[in-house]
Amino acid sequence: MVELKNVTFRYGAAENQNGAKNSLSGVDLSVKDGEFVLLTGPSGCGKTTILRLINGLIPHFYQGETEGTVLVEGKEIRDMELYDTARLVGTVFQNPRTQFYNVDTTGELAFGCENRGLPEEQIYQRIDDTVASLGIEKLMDRSIFHLSDGEKQKIACSGVNVSGPDLILLDEPSANLDFEATMALRNMILSWRSKGKTIIAAEHRIAYLWDLIDRAVILENGRIARQFTRNELSVLTPEDLAQMGLRTNIMEAPEKSLLPVYQENDEPMILHDFNFSYRGRKQPVLQIPHLRLAAHEITAVTGNNGLGKTTFLSCLCGLEKRFRGTLEYKGRNYSNRDRQKLCYLVMQDTGNQLFTESVLEEVLISLPKNTENAEGRAAELLRRLDLGEYPDRHPQSLSGGQKQRLAIACALASGREILLLDEPTSGLDYGHMKETADMLKKLRDMGTTVLVVTHDTELIRHCCSRMISESSFQ
Amino acid sequence: MEYSSKQSQEKRRGFIDPRTKLALILILALFVMGGLGGEQMQPLKMILSALPFALLLAEKQWTRFFRGVCILVCGYALLWIMPYLPAVLSYFALFCGGILTRFVVTIMMGEYVIATTSVSEFISAMEKLCMPQQVTIPLSVMFRLFPTIGAEWKSIRRAMRMRGIHLGGAKAGQVVEYQMVPMMTSSVRIGEELSASALTRGLGAPVKRTNICRIGFRAQDYLMLVGCLFVVCAWILEMCGVRLW
């Protein structure tokens, strides 16, 4: 089905390649009809690049220098137009918010077939079949702007299903999904398996598909480091995987961690009247009359998408003007406005909260006015978060993990006592996840109170000591 | 009940054809917003101004309808109280009232088109008008791109508030610059990811594209198109100095 022969690839135009690193070097990979192959490895190992070579985005959309050949069903991808490759290969991307062309879900399902010029009746038939077999009647004829990330990813998979290519590529489709949505994705994959589709998935979170795959290919620095067949896979333990820099293979709901919300000796932080509903909607998103949290601990906030966890964070930060709840902390009641000076939110799209043109300046604007020796203090904070080497870099040019650390450096600079994080480990490999966990522990030891909204059971296991889950939200 | 995409497409068919919508937008932009035509065109303009509201009601877009009516009422109220205000304020009222009454109607029409036209309907209409793909595709991406970038914009504004960067604070001058930095990066990223996804699904293939939506002219379309033609004719006659009424 797919054949990569001695493929080497470098991003960027040919003229400015001096010293640029190879994204892939000398990769040989062949995937048989009906096989399910997992590509995994640390960030930047070249998983996504391989998928792009197969669906033709390289070289037709992303520029770079390719050597070697990539064949799909015996045809060289380089010589095929993207719209011809589209008949053979379907791709589900990582970001559910940016992979739709239409605004309505039905139009989105039809899109691939419409582009191919299939007869109308046939498209209707295909859509109805997919809708019936996947049970997504409730998602039809809706605006994609009103769907949760999990629902969007379901529509993306269904779209591939309607087009019906024989080869399906998955580029970290679970990165933004909660436990239940990930299980739904797993079921989707099972149904493709039963139809004999060939599937290649690039993933960090390997647990949900671990028992479905035929082969795991582990990449490191653009090379295939190891391969495991189905039989070899079954003997690997989470410890073996951690040693290779991989995430756990055990699928576990975050709620299973069984951590307390609050313990006897904790310093209390009490939420009063955390009730909130969006304008014009009767159904409340939040309904917490009274909840005692532990200060100076790392508390995980879990529960499925759409349960109002992100709303909870923005209410806690004082960002919702119509919100009336208060926080009682150290014998004082904090209103919306006061909480804005007490809490700091590290958002999921960290890039959206970095505004300046250099790393140092970013920290400087967060320091309180009239700080003595501001530059020295900023440089010290950067050093503490392993950013000491890059004071002059443009924040938007940093890697995801670095952006996150910079946002946290700003939080520390602003002197706020409560740090909130929204899904800090989505799309992170084992090494980076562990780094984040260690950093949160360091922050806790410095006296910061940390609340982290997450679906990542592994992160919870690594650093969280308290937990609020679904049951506390209603 | 079993889902049928064909029936659902039939049901969501708009009150008027996308091509009629485009013609109406053009006429409104020229005559109501652009202020083309003189004394004689006034009654026609009044009728044109009422049109987007009627259409919004026909498509049951209650919130948009009421928002539009409120803004328009504000505009006329400003113009009405203008003569009774002190000099500086009256200028201000004239300015705001003029802008509101002139622009709102056409913007309402634009909102109506965006809210009631699916991407598929739009592409289908453009194809029937024999527009080349090079024009159709970028325009159709707009439907998708603007709301997505809008959501991004909101998220950046929230982040600024969270970090305590306000308009009116000590750094007011820099606020706009601060907003642009993440905005540009994320707009570029969104555009790139949207195109990559559309291309892997065969957008731009040199075959006759199917469109599963239902479009086509019906009585109401002919009525409105004749109306548009009448407005243009009335204008030309006025230019030639013919008195119509």
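Before looking at any sheet I noted the rule for pairing, which is that two strands pair if DSSP finds at least two bridges between them. Helices (H or I, at least four residues) and strands (E, at least two) are DSSP runs, numbered from the N terminus.

**Entry 1: ground rules.** I am working with a predicted model, in which local features need pLDDT of at least 70 and side-chain atom pairs count only at pLDDT 80 or more, while totals for chains, interfaces and linings use all residues. Residues are numbered from 1 along each chain as its sequence is written, and chains are lettered from A and ligands numbered from 1 in the order in which they are written.

**Entry 2: confidence in chain A.** I looked up pLDDT, the predictor's confidence in each residue, from 0 to 100. Chain A has a mean pLDDT of 90, with 97% of its residues at 70 or more. Where pLDDT is low, the predicted coordinates should not be read in detail.

**Entry 3: the antiparallel sheet of chain A.** I traced an open sheet of four strands in chain A, in the order β12-β11-β14-β15, with antiparallel pairing. β12 (286-294) and β15 (332-334) of chain A stand at the edges with a single partner strand each, so one side of each is left without a neighbour in the sheet. Direction ignored, neighbouring strands of this sheet are turned by 15° against each other on average; the axes behind such angles are lines fitted to C-alpha atoms (for helices over the stretch in contact), and angles run from 0 to 180 degrees between N-to-C directions.

I then went through the pairs one by one. Strand β11 (residues 268-276) of chain A is joined to β12(A) by eight bridges, and I270(A) has R292(A) in β12(A) as its bridge partner. Four bridges join β11(A) to β14(A), again in the antiparallel sense, and here M269(A) stands opposite Y329(A). Strand β14 (residues 326-329) of chain A pairs with β15(A) over three bridges, where L327(A) has Y334(A) as its bridge partner.

**Entry 4: the parallel sheet of chain A.** I found an open sheet of five strands with parallel pairing, in the order β16-β17-β18-β13-β19 of chain A. Its edge strands, β16 (343-346) and β19 (466-468) of chain A, each pair on one side only, and its neighbouring strands are turned by 20° against each other on average, direction ignored. β16(A) runs parallel to strand β17 (residues 418-422) of chain A and is joined to it by four bridges; in this pair, Y344(A) has L419(A) in β17(A) as its bridge partner. Helix α15 (residues 430-445) of chain A lies across β13 (298-301), β17 and β18 (449-453) of chain A, and runs at about 150° to β18(A).

**Entry 5: the two domains of chain A.** Domain bounds come from an automatic or database domain assignment, which gives domain 1 (2-243) and domain 2 (255-473) for chain A. Their centres, taken over C-alpha atoms, are separated by 33 Å. I counted two residues as in contact if their C-beta atoms, placed from the backbone, lie within 7 Å. On that rule 15 residues of domain 1 of chain A are in contact with eleven residues of domain 2 of chain A. On the domain 1 side, α6 (149-163) and α7 (179-194) of chain A each supply at least two residues, and α7(A) gives the largest share, three residues.

**Entry 6: chain B by itself.** I looked up the secondary structure of chain B, which comes to nine helices and zero strands. Its C-alpha atoms fill a box of roughly 60 × 60 × 40 Å, taken along the principal axes. I checked helix α9 (residues 219-239) of chain B for length: at 1.5 Å a residue its 21 residues should span 30 Å, and its end C-alpha atoms are 30 Å apart, which agrees; the expected span is 1.5 Å times one less than the number of residues. α9(B) is followed by G241(B), which has a positive phi, near 85°.

**Entry 7: where chain B meets chain A.** I noted that 47 residues of chain B are in contact with 57 residues of chain A. On the chain B side, α1 (5-11), α6 (119-128), α7 (133-162) and α8 (172-200) of chain B each supply at least two residues, and α8(B) gives the largest share, 13 residues.
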